[in-house]
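Please look over the sequence and structure first.

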Amino acid sequence: MARLRERGELVLEASDLLSTEQAKTEEIVRSIGAAMIVLEGDNRMAWANDKAREWFGTDLAGEVCHSRLWDDPRVCTGCSLGVACSERVCTPTERTLKVGGEQRVFLVQCSPIGGRGNQRL
């Protein structure tokens with residue numbers, strides 16, 4: 001029974017540490033002041049930070065990036081995501097878009113996120 005209690009305490013400590021690290025990460029992302037969006041390999045948005053939701057709307061998850069962000073039914077020419085996934089390199093490109101009635105230039109950069117064994121996440 002003591003062993004079970006000890007393991008339970010370790011799980012609680014790990015959970016507290018994870019929560020603390022997650023809060024730090026969220027604060028760092030929030031302080032950047034730029035829109036950040038995580039895309040799946042099929043061009044669907046999996047996550048967006050507060051700034052991206054402010055600029056592009058709150059319901060981004062699951063939407064196809066080129067349709068939602070750039071109002072284009074086709075995958076962008078020289079798609080940064082496509083190059084990042086196939087060549088495993090960062091590929092910055094510039095895109096122009098009206099946000100709140102104002103023309104803005106966006107630096108779009110896709111970086112592959114690797115997991116264990118360098119598998120794409």
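Which residues make up the largest nonpolar core? It has twelve residues in all: Met45, Ala48, Ala52, Phe56, Leu60, Cys65, Leu69, Trp70, Cys76, Leu97, Val99 and Phe106. This is a predicted model, in which local features need pLDDT of at least 70 and side-chain atom pairs count only at pLDDT 80 or more, while totals for chains, interfaces and linings use all residues. Residues are numbered from 1 along each chain as its sequence is written, and side-chain values use heavy atoms, with hydrogens and water left out.

**Cores**
- A nonpolar core is a set of buried Ala, Val, Leu, Ile, Met, Phe, Trp, Tyr and Cys residues joined through side-chain atoms within 4.5 Å.
- Buried means under 20% relative accessible area, exposed over 50%, and partly exposed in between (1.4 Å probe, protein chains only).
- Apart from the largest core lies another of five residues, including Cys79, Leu81, Ala84 and Cys85.

**Helix 4 (residues 80-87)**
- Helices (H or I, at least four residues) and strands (E, at least two) are DSSP runs, numbered from the N terminus.
- Ser80, Leu81, Ala84 and Cys85 are buried in helix 4.
- These residues are on the same side of helix 4 because they cover an arc of only 125° around the axis, taken from the directions from the helix axis to the C-beta atoms.
- Ser86 and Glu87 are exposed on the other side of helix 4.

**Positive phi**
- Asn43, not a glycine, has a positive phi of about 70° and is buried, with a relative accessible area of 10%.
- Asp71 has a positive phi near 55° and is exposed at 70% relative accessibility.
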